[in-house]
Amino acid sequence: MTTTMIRAEIKPESVADVESAAAKMFAAIDEAQPAGVRYASCKLPDGVTFVILLDLENGPDNPLAALPEFREFQENLRGWIAGPPSADPLTVVGSYRLF
């Protein structure tokens, strides 16, 4: 299992675009139901920082990359972020239905 937390600050004028694109992307993920992946996006109270949690059951290969909506979101994200995102591996110590 590979678990990662990604933090990204979004340009204030792009937050609505990110939320709209994320809704489209998550609808596609929900429809495709890729095996071995858990994925969530959360917005912090500052309104511009997003935290993404990604858990891949079968190692570093991300099945989401096969979805056009995911690739489109990733490509557009380059223009929406205010600075480079940070990605940190996580070690799950305990979880209830999240990981």
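Leaving aside neighbours within four places in sequence, Y39 is in contact with M25, F26, I29, I52, L53, L54, L64, F70 and Q74, contact being taken as heavy atoms within 4.5 Å. The model is a predicted one, in which local features need pLDDT of at least 70 and side-chain atom pairs count only at pLDDT 80 or more, whereas totals for chains, interfaces and linings use all residues. Residues are numbered from 1 along each chain as its sequence is written, and side-chain values use heavy atoms, with hydrogens and water left out.

With a relative accessible area of 19%, Y39 is buried, and F70, at 9%, is likewise classed as buried; the term buried denotes under 20% relative accessible area, exposed over 50% and partly exposed the range in between, for a 1.4 Å probe and protein chains only. Y39 and F70 form an edge-to-face aromatic pair, with 5.9 Å from centre to centre and 70° between the planes. Rings of Phe, Tyr and Trp (its six-membered ring) are paired if their centres lie within 6.5 Å, planes under 30 degrees apart being stacked, over 60 edge-to-face and the rest tilted. This pair links distant parts of the chain, since Y39 lies in strand β2 and F70 in helix α2, 31 residues apart. Together with F26, Y39 and F70 form one aromatic cluster.

The largest nonpolar core has 22 residues, of which I10, Y39, L64, F73 and W80 touch the most other members; such a core is a set of buried Ala, Val, Leu, Ile, Met, Phe, Trp, Tyr and Cys residues joined through side-chain atoms within 4.5 Å. At least two residues of this core come from each of α1 (15-32), β2 (37-43), β3 (49-56) and α2, with α1 giving the most, namely six residues. Helices (H or I, at least four residues) and strands (E, at least two) are DSSP runs numbered from the N terminus.

The four strands of an open sheet follow the order β2-β3-β1-β4, with antiparallel pairing, where two strands pair if DSSP finds at least two bridges between them. Because β2 and β4 (86-90) stand at the edges with a single partner strand each, one side of each is left without a neighbour in the sheet. Strand β1 (residues 2-9) pairs with β4 in the antiparallel sense over five bridges, and A87 in β4 is the bridge partner of I6. Helix α1 packs on the sheet, touching β2 and β3, and its direction makes about 160° with that of β2; axes are lines fitted to C-alpha atoms, for helices over the stretch in contact, and angles run from 0 to 180 degrees between N-to-C directions.
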